[in-house]
Amino acid sequence: MPIKNRIREFRVVPKAMLLPNPKNWRTHPEAQRAALRGVLDEVGIADAVIARTLPDGRLMLVDGHLRLEELPDDVPTLVLDVSEAEADKLLASMDPLAAMAEADASKLDALLRDVQTGSQDLAAMFTSLAEEAGVTPPDFEAATADDQSRLDEKAKVSCPECGHAFTP
């Protein structure tokens, strides 16, 4: 059976064009908000919200309510071509489907040992994640400004033909 692609477009839209879905059943505790702010501060926006177009042209959220609340404006958005009933099905299933994934403790352990964060909120989330998976959490120490600048440095590479140095 072929699978339909319901994504019609990707747009960056003003926050005011996106309406929270009144049927959204998920709540977002402060720890989750703080961890998301930590990711936004350290990495930036790396995911789009999902919405459907209403008859008046505005967009109703299907997924991404917390991101919408935390972003100041200009929200990356995947616009779907789905009915209200299909949007409801997605709203009811997206988070539970993601939550059904299981942790591979050894891979999580290796991953967390490579992760560095200066955010206490992210460190708390990673520690909790490790403990839930039965992994000894690494010691996430807050990065100093010097540590962060060292982490942000990239090695210069020189062109073998002309000798021009650049950062990849």
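Q: How many aromatic pairs does the structure hold?
A: This is a predicted model, in which local features need pLDDT of at least 70, side-chain atom pairs count only at pLDDT 80 or more, and totals for chains, interfaces and linings use all residues. Residues are numbered from 1 along each chain as its sequence is written, and side-chain values use heavy atoms, with hydrogens and water left out. Rings of Phe, Tyr and Trp (its six-membered ring) pair if their centres lie within 6.5 Å, planes under 30 degrees apart counting as stacked, over 60 as edge-to-face and the rest as tilted. By that rule, the number of aromatic pairs held by the structure is 1.

Q: Which residues form the aromatic pair, and is it stacked, edge-to-face or tilted?
A: The pair consists of Phe-126 and Phe-140, at 5.6 Å centre to centre. With 45 degrees between the planes, the pair of Phe-126 and Phe-140 is tilted.

Q: Are Phe-126 and Phe-140 buried or exposed?
A: Buried means under 20% relative accessible area, exposed over 50%, and partly exposed in between (1.4 Å probe, protein chains only). On that scale, both Phe-126 and Phe-140 are buried.

Q: Which are the buried residues of H5, and where on the helix do they fall?
A: Helices are DSSP runs (H or I, at least four residues), numbered from the N terminus. The buried residues of H5 are Leu-122, Ala-123, Phe-126 and Ala-130. Seen down the axis, with directions taken from the helix axis to the C-beta atoms, these buried residues fall within an arc of 100 degrees, so they line one face of the helix.

Conventions
Helix = DSSP H or I, 4+ residues; strand = E, 2+ residues; numbered from the N terminus.
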